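Could you walk me through how to read a few features of this structure? I would like the general idea and then the case at hand.

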Amino acid sequence: MPTRIEAGQGRAGVMRAGRMRKAGASKAGALLAGLLLAGVAGPALAGKADDTLVYASDSEPENLSPYHNNLREGVILARNVWDTLLYRDPATGQHQPMLATAWTWVDPVTLDLTIRDGVTFHNGDALTPEDVAFTFNYVLTPEAKIVTKGNVDWMKSTEVTGPHSVRIHLKAPFPAALEYLAGPTPILPAAYFKKVGLDGFSKAPVGTGPYRIVSVESGKAVKMVRNDKYWPGSPIGKAKIGKLEFRIIPDGDSRMAELMTGGVDWIWRVPTDQAEQLKRDPTLTVVSAETMRVGFLQFDVQGRAAENSPLKDVRVRQAIAHAIDRKAMVDNLVRGGSRMMNAVCFIDQFGCTEEGVPAYAYDPAKARALLKEAGYANGFDIDLSAYRERDYAEAVIGYLRAVGIRAKLNYLRYAAFRDALRAGKTSIGYQTWGSFSINDVSAFTGIYFRGGEEDLARDPAVIADLQAGDTSTDPAVRKAKYAEALKRIAAQAYALPMFSYPSNYAFTADLTFTAQTDEVPRFFAATWKK
Amino acid sequence: MTIRPASPLAQAPASAPAETVLPPARSPAAIALRRGLSHGGFLIGAGIVGFIVLVALAAPLIAPHDPYAQDVSRRLIPPVWHAKGSVEHLLGTDKLGRDYLSRLIYGSQISLLIGLSAALISGAIGTTLGVLAGYYGGRVDAVVSYVVTTRLAMPVVLVALAMASLVGGSLKVVVLVLGFLLWDRFAVVTRAATRQVRSQDFVAAAKASGFGPVRILAQEILPNILNALIVVATLEMAHAILLEAALSFLGLGVQPPLPSWGLMIAEGKQYMLFQPWVITIPGVALLMLVLGINLLGDGVRDITAPEGRH
């Protein structure tokens, strides 16, 4: 008998020695459990009962100023909190007056706009032409350090020409200008912005839009209330729902769990597998809509990430293009109305065409042959960065592996991902781009191939074609120039377009919500069902 | 020369009446074997671990498919016992259409590799420190105890997470981080065991014969604290395997497409609600391995302890 007791003591001794680490291990357990159960524990503040629409998404804009992030979540906030000079009717594509009541082209490089009277910012300041001029001139200064240069660098300067009018001078003719004035160029309050600076503005943003931001909790949530003094006559009208809250929940499963338990009312980017299952839940509505977002692999063509980067060789890039079965990915992984793309743009955008653009069929044998020809018969190791839809990136890695290219995945937050690509610190980027919902190829191909920060190829011929296309006033010339550029990009395989991204939206059945193809949820138009 | 410490932490009372009931004529190995065969936990643990080790070693021979070969048109096929399952994929396929059984088989290599290497690295560090502290005592002991206390003050998971996110997760990083973090139990146990052994007569005899400290440590002390070491090593192995799974689950451990069980659990998480087998299968495998290692370690401890407990 004494031996047994002794054994017990011995064991307890070991346990005692390990207590510290047991605590560590259980902490890991708690962390895992927390991840899984986050949904169950969430406070139930959402829903029709308290007139609060809580929407959740994965990423947080690095800065809430609409010019200082290029993330979709930022675009959503921009469209719900700020107004633009013009409004583009998503149904007809026509431009309607918004903060500008009228506009005229004096000549191809001069645009006159009349600014609406009686509009006030959320802080009570009246909107004046000075606000417009300040916004556009400020964002063009290098000190502003905006991250959406591609959206504004067609402007040269903006001047106030009267108590209600401004004049925008363009650097060169830019036929797509109105598209940009109706999208990614919200008007900021000059006096307030100058007073609080960018940091202050990011913490307490002020706009003229249908919702007013009341609190910003970094990494967690942005809370908004309806702007009850929203100017009458706006094409989008006053918001219907009283309170709006943007919740940042990076983990997709937690978002879904939150939705199913009523912690949030609206989520999107639900993987098709799960969307199909969610449809069975009668308390939820699930809709799927194609968006303008297109995924593409961006290659470190100039070999900045590695001196002897295999990607400098066009045959290697073509081999990668042949190695990936995009059609199988569209049919089995993405689904929901996704379309395979062969040109680096969204096919419905003005100027985007696949005519004459070389397409790369799935052909692993050819891919291997091309690699061999390029001197990589045994393949090579490379890094691939991605920031969303990890499954797609892993599928790409799987296809590359099958032809001998051993890619390692770096899964990053968007800002880190974008900066790594811009700085030439990663070899392959799994990019996606929603064009800021601008229906013009300059907002896609232009951003990534016109020689800007995002351009990893910097091919002078492509840059010249894109510039010619952007600045021509003749639609036929524009189309021809863009087609030239797209052809060369594809022939050189500077990037590999993948497919368009449908988005699966899932939201409470109490909500009436219409998804638009431009990937901008218009929460101001959403209503509760009676 | 077969005096062994009574227990890893060795606050043992000297009384060991069980010795008297053992048949006196048998060799120590025969005694250990006899005890092992009648020790249920040991047998189960040895069975599980032996099976998984065999599977890991024979992975290229027994895996029905290439664990990396994906076919997105055959994704998320349920296991064979499911109505929609197919014999071709006994455990079904994952989200990219890779054979789940093959990934599980190759995943055992990674789990065992990490468990063994982490236990080896941490065992080497911890044992060296512990033996030195226990044998020399005094200042050496004070310094080692200070280092151990410092190490104990660091939360393992947090440090491992921070390291992995700084350096970037990979198999090598995980092994090194865990190896350099899990040595404290080795140090504590070997220190106590060494303290006990060093005052034994045979150590004094060795000293009197003029042997140097290296020889005494290697030939007199180490063999006599070995069974305590084995027990700690199994515990640490299981611990390292669990930590690797946790790190991989959080995306900072082994990187895809390597088939780590922790990573498979992480990837299965999004299917938890509707395709629960995706997360259950690697979860059960991990549970079995850790359970097996712990049972084995417990059994070894019981068997090799001189009092003959079962």
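Q: What should I know before starting?
A: This is a predicted model, where local features need pLDDT of at least 70, side-chain atom pairs count only at pLDDT 80 or more, and totals for chains, interfaces and linings use all residues. Residues are numbered from 1 along each chain as its sequence is written, while chains are lettered from A and ligands numbered from 1 in the order in which they are written.

Q: How many helices and strands does chain B have?
A: Helices (H or I, at least four residues) and strands (E, at least two) are DSSP runs, numbered from the N terminus. Chain B has 12 helices and zero strands.

Q: What share of chain B is buried?
A: A residue is buried if 20 or more other C-beta atoms lie within 10 Å of its own, with C-beta atoms placed from the backbone. In chain B, 50% of the 310 residues are buried.

Q: Which residues touch the most other members of the largest nonpolar core?
A: Such a core is a set of buried Ala, Val, Leu, Ile, Met, Phe, Trp, Tyr and Cys residues joined through C-beta atoms within 7 Å. Here they are A:Leu384, A:Val396 and A:Leu486, in a core of 151 residues. Strand 16 of chain A (residues 495–508) gives the largest share, eight residues. A second, separate core has 84 residues, B:Leu181 and B:Val189 among them.

Q: Which residues of chain B does UniProt list as "transmembrane region"?
A: Annotations may be inferred rather than shown by experiment, and UniProt positions are given in the numbering used here, with feature names shortened. The unreviewed entry lists several spans, including 42–63 and 110–136. Residues 110–136 of chain B are 100% helix, with end C-alpha atoms 38 Å apart.

Methods. Buried ≥ 20, exposed ≤ 12 C-beta atoms within 10 Å, placed from the backbone.
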